[in-house]
Amino acid sequence: MSNPSTAGTCGEVIAGESSALLIRQKSDKQIEIGDLLVEDREDGYILLQVYDLMYGSQIPQVARELIAGMTLEGYGKGLELVEPNLRNYVLAVARAILRMTDAPHVPKILPATFGSVRNVQERDLSFLTRPVDSIHFGKVRSGSKILSLDVYLDGIEVFSHHILIPATTGRGKSNLVKVMIWSVLDKDYCGILILDPHNEYYGKNETLGLRNHPRAKDYLRYYSANPGKGALTLMINIRTIRPNHFNGIIEFSEPQREAMSVAYSKYKEKWIENIFSPKPELPNVQLGTIGVLQRKLGRVLGIDFDEDEQKVKFRTRVFTTEGGEATINDIIKALEESKKVIIDTSALEDQAELLIGSIVANDILNQHKWAKEQETLRSKPVVSIVIEEAPRVLGDQTLASGANIYSDIAREGRKFKIGLIAITQLTSVIPKTVLANMNTKIILGNELSTERRSIIESASQDLSSDDKNIASLDKGEAIISSNFTKFAVPIAIPLFDDVVKSSQQDIPKTKPRIVT
Amino acid sequence: MPTIKFAHITDCHLGSWRSSRLRGLNLKAFEQAIQTSLSEKVDFILITGDFFDVNVPDLDPVKRAVEVLKSVRDQGVDVYLIYGSHDFSPNAVSMIDILHSAGLFIKPTENEVVEEKLRLKFVTDKKTGAKIVGLSGRAKNLDVPYYEIIDTPSLEAEPGFKIFLMHAPIAEVTPEALSFGEGVPISSLPKGFGYYGGGHLHKRLEYTTAEGGKIVYPGPLFGATFTDLEETARGEQRGFYIVTFAGGKLETRFVEVKVADIVYKTIDAENKTAKQTEAQLNSTIDELDPSGKVVLVKITGSLSAGKRSDIDFSKAERSLVSRGVLTQFISRSGLTSHETAELKVVGQTKEEIEFRVLKERIAKFSIDPTVKDLKVREALQAKFVSTKGEQTARSLLRTLKIEKLDNETVADFNSRVMSDSQPYLDPGNLGES
């Protein structure tokens with residue numbers, strides 16, 4: 001990639017309509033798909049974005065075919081076009097995305113016919129300022145050229161109004177999320193819960209991760225079933241689990257739900273242990289129902305009943321009755337203290353991961369609802385929950401069997417300063433009503449046309465002509481379409497490792513003084 | 001390897017309680033624990049912090065503690081003791097230091113910092129060969145970060161039966177009610193130890209690590225707060241552990257120490273008048289047999305008419321005393337009236353009330369939106385908003401609460417208060433928590 005060319009006309013608007021302006025490219029310039037171009041006007045300028053390219057020529061096609069044939073077949077020796085730059089050229093198809101006068105507006109006029117256009121420069125986008133409580137995403141990108149202009153969005157707004165990150169494998173989703181979270185890791189306006197099924201956010205051995213942040217000690221908590229030294233062991237006491245935590249995580253029949261409800265009202269926090277006891281005493285609940293519950297709960301929680309020893313056994317130490325009593329509260333407290341909490345769920349089954357998220361999300365939503373009632377919500381940080389493979393909880397099929405805490409947050413979380421960062425390869429299976437609530441979409445490359453269509457249809461700006469633009473996004477390139485941006489901003493996301501390395505300053509190391 | 005038998009006692013809080021009777025009961029619990037340990041013929045005794053309730057306690061309990069520890073030493077039983085958060089001040093000589101200087105116990109906390117790692121040095125019990133090592137506790141969990149830098153490989157490489165002593169909560173096993181998110185992760189403990197003896201948590205707790213080591217918190221011997229006694233009355237057993245290691249197997253046995261019966265009653269005054277509440281208090285007291293017991297009564301709720309001062313608490317107290325109560329507490333901090341409606345928080349202890357008042361006040365604080373300077377906003381955010389504001393206020397309050405020491409001049413005391421408060425008030429320190 002090269003730096004953007006400096007001033008200078010790179011083309012002229014020659015025809016078209018508001019959504020498809022034709023620009024003839026100047027012969028010594030090169031316009032790319034995704035380029036941001038500027039048509040200067042007396043009262044400001046119009047910002048254009050190129051979304052397609054084609055050939056233009058003054059020579060009829062049959063004549064061009066003939067010329068090519070002669071050259072290819074050896075008849076074209078000495079054959080030269082007179083003023084070739086004038087006769088053959090590139091036409092760029094663009095649309096106006098913003099009009100700047102005293103302030104940025106949605107463009108409602110066309111650029112002048114023969115209006116000359118130039119590559120965008122940093123000063124043209126000076127309205128992209130850094131909000132006080134911001135998230136950093138990367139730098140503004142024009143085509144493949146990176147401008148030295150950072151892209152920040154208002155973190156409180158963006159986090160509470162949800163973020164969708166649609167992309168296929170290998171397009172840099174986790175790199176993007178790491179870059180974003182790194183930029184807010186020591187910020188007090190937000191707490192973030194990261195459910196990490198691939199254990200890729202914290203970092204391990206030689207791999208850099210969020211643990212390398214200079215303030216990680218104060219702002220990052222990491223739970224893992226297999227923790228390294230100094231990390232917290234993921235242990236959740238099953239007595240902190242309530243029946244509603246399973247909503248949308250495991251499918252239960254009505255009798256099974258009722259049985260859980262009976263168990264909970266009778267045995268309170270020991271309801272799960274009772275279901276697994278040798279002789280569960282649940283009035284009006286059939287033994288068959290209890291058997292199915294044992295199987296379903298047992299699979300998620302890793303509980304078996306040992307017939308020989310006549311007692312409940314835990315296959316893993318994650319869900320337990322010994323310890324882990326304060327884990328959920330500690331996580332909630334950390335989030336409320338604006339910390340970032342990573343839960344390594346790589347050793348867990350899907351449903352167990354979602355269950356842990358559900359427990360935390362339920363409690364945090366309840367706390368924020370209470371705070372709103374008490375008029376203290378303003379002082380609380382916005383809390384965002386990173387959920388990978390979001391259709392597991394937000395997909396059509398899942399939601400057909402009832403709402404869950406994640407869909408509740410998608411629907412009403414913003415009122416309580418709680419948002420989702422939903423990562424998915426399959427936007428198309430998330431209902432439009434949910435997508436409509438995701439007010440910021442960070443669109444990475446996607447080769448699947450059905451997925452691109454879903455993304456485009458749900459974007460905050462009109463991206464109807466951006467299909468090719470999205471398809472052509474390279475790794476590290478993205479488009480931010482958000483209610484909180486003036487236009488769909490093309491960005492270049494830095495490599496996380498580079499961010500880490502550039503931030504590693506020489507922090508003076510003090511010799512610990514131990515008082516014994 | 002011969003059988004190793006030891007006692008594990010913690011959180012004696014000697015010198016706590018204003019009531020001389022409770023102070024006496026507390027001391028009695030300690031004496032009883034030591035006596036039982038000696039009767040059990042333990043090889044050594046472990047004490048995991050908060051031996052005293054303050055760093056310079058009254059001399060009466062100190063005198064008795066010295067006598068008891070001396071008699072233990074004279075019987076050839078070594079005491080291994082680490083300091084707790086209540087025991088000492090890092091800035092001044094504490095009573096526990098004097099006891100240590102007198103050779104009344106062994107402090108297995110010697111260490112050195114080697115290449116940014118904290119290398120702890122084992123003490124080998126001369127009778128059994130058990131290897132003992134530990135980290136003392138510090139106020140406000142300041143010792144917790146030390147665990148991150150322990151040179152665990154050097155400890156893990158040591159052969160033999162090993163004991164690790166700590167005065168810090170283990171994050172993953174701390175009960176919810178006692179968890180303030182500041183514990184030591186299990187993964188920070190050196191692996192391969194047979195016994196991890198803990199102090200600080202006022203609750204009995206046992207946990208077996210994935211490697212088979214036993215983490216044990218005996219909880220306080222008697223208790224140092226109303227809440228402790230309340231828990232005891234509700235059935236929480238107080239005592240210590242006798243631990244035996246034989247044939248590669250570790251067995252723990254809890255030994256209850258009961259120095260008095262505790263009776264606990266609650267009275268719900270919600271929507272009752274002051275007179276009705278007084279009548280209920282008196283009838284509750286009348287129904288008790290308080291002789292030789294500790295009686296705790298907790299009154300909560302909002303009075304519908306009258307005020308707290310309309311209730312004659314002294315009458316109830318006189319009734320208890322006349323019937324031979326050992327000592328009594330009538331807690332009324334959860335009792336409010338319309339006259340005290342401005343008090344919007346209710347807590348069980350003064351610390352809890354203070355915490356909630358601060359929380360409520362700070363929740364209403366936000367940075368003036370006209371402050372646009374990012375650095376100033378971030379600094380204010382880091383110091384005064386939300387939980388950070390609570391921390392600042394609590395830290396400052398804690399600092400301002402210190403009392404003048406007996407032999408301290410006013411000037412020295414003022415200077416100490418100023419110097420301790422400085423970090424929280426210094427604008428140059430804005431941005432640090």
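## Strands β12 and β13 of chain A

In this predicted model, A:Y223 stands opposite A:L232, a residue of β13(A). The two strands concerned run parallel, and 2 bridges join β12(A), which spans residues 220-224, to β13(A).

Strands β12 and β13 belong to an open sheet of 12 strands in chain A, whose order is β9-β8-β23-β22-β21-β10-β20-β19-β11-β18-β12-β13 and whose pairing is mixed. At its edges lie β9 (145-154) and β13 (232-233) of chain A, each of which pairs on one side only.

Helix α4 of chain A, formed by residues 173-184, packs on this sheet. The strands of chain A that α4 touches are β8 (134-142), β10 (163-166), β11 (190-196), β18 (340-344), β19 (382-387), β20 (418-424), β21 (440-443) and β22 (477-482). Relative to the direction of β8(A), that of the helix makes an angle of about 130°.

## Contact between chains A and B

Where the two chains meet, 38 residues of chain B are in contact with 35 residues of chain A. On the chain B side, the elements that give two or more residues are β4 (111-114), α9 (374-384) and α10 (386-400) of chain B, and α9(B) gives the most, with 4 residues. By residue class, the side of chain B that touches chain A divides into 17 nonpolar, 14 polar and 7 charged residues.

## A buried strand in chain B

Strand β8 of chain B, residues 162-166, is mostly covered, with 5 of its 5 residues buried. B:K162, B:F164 and B:M166 point one way from the strand, whereas B:I163 and B:L165 point the other way, and the residues of both groups are buried.

Two further strands of chain B are joined to β8(B). Strand β7 of chain B (residues 131-135) runs parallel to β8(B) and is joined to it by 5 bridges; within this pairing, B:K131 has B:K162 as its bridge partner. Strand β9 of chain B (residues 195-198) likewise runs parallel to β8(B), with 4 bridges between them, and here B:M166 stands opposite B:G198. The residues of β8(B) named in these two pairings, B:K162 and B:M166, point one way from the strand.

Key
Residues numbered from 1 in each chain as written. Chains lettered and ligands numbered in written order. Predicted model: local features only at pLDDT ≥ 70, side-chain atom pairs only at ≥ 80, totals over all residues. Pairing = 2+ DSSP bridges. Contact = placed C-beta atoms within 7 Å. Axes fitted to C-alpha atoms, helices over the stretch in contact; angles between N-to-C directions. Nonpolar A, V, L, I, M, F, W, Y, C, P; charged D, E, K, R; others polar. Buried ≥ 20, exposed ≤ 12 C-beta atoms within 10 Å, placed from the backbone.
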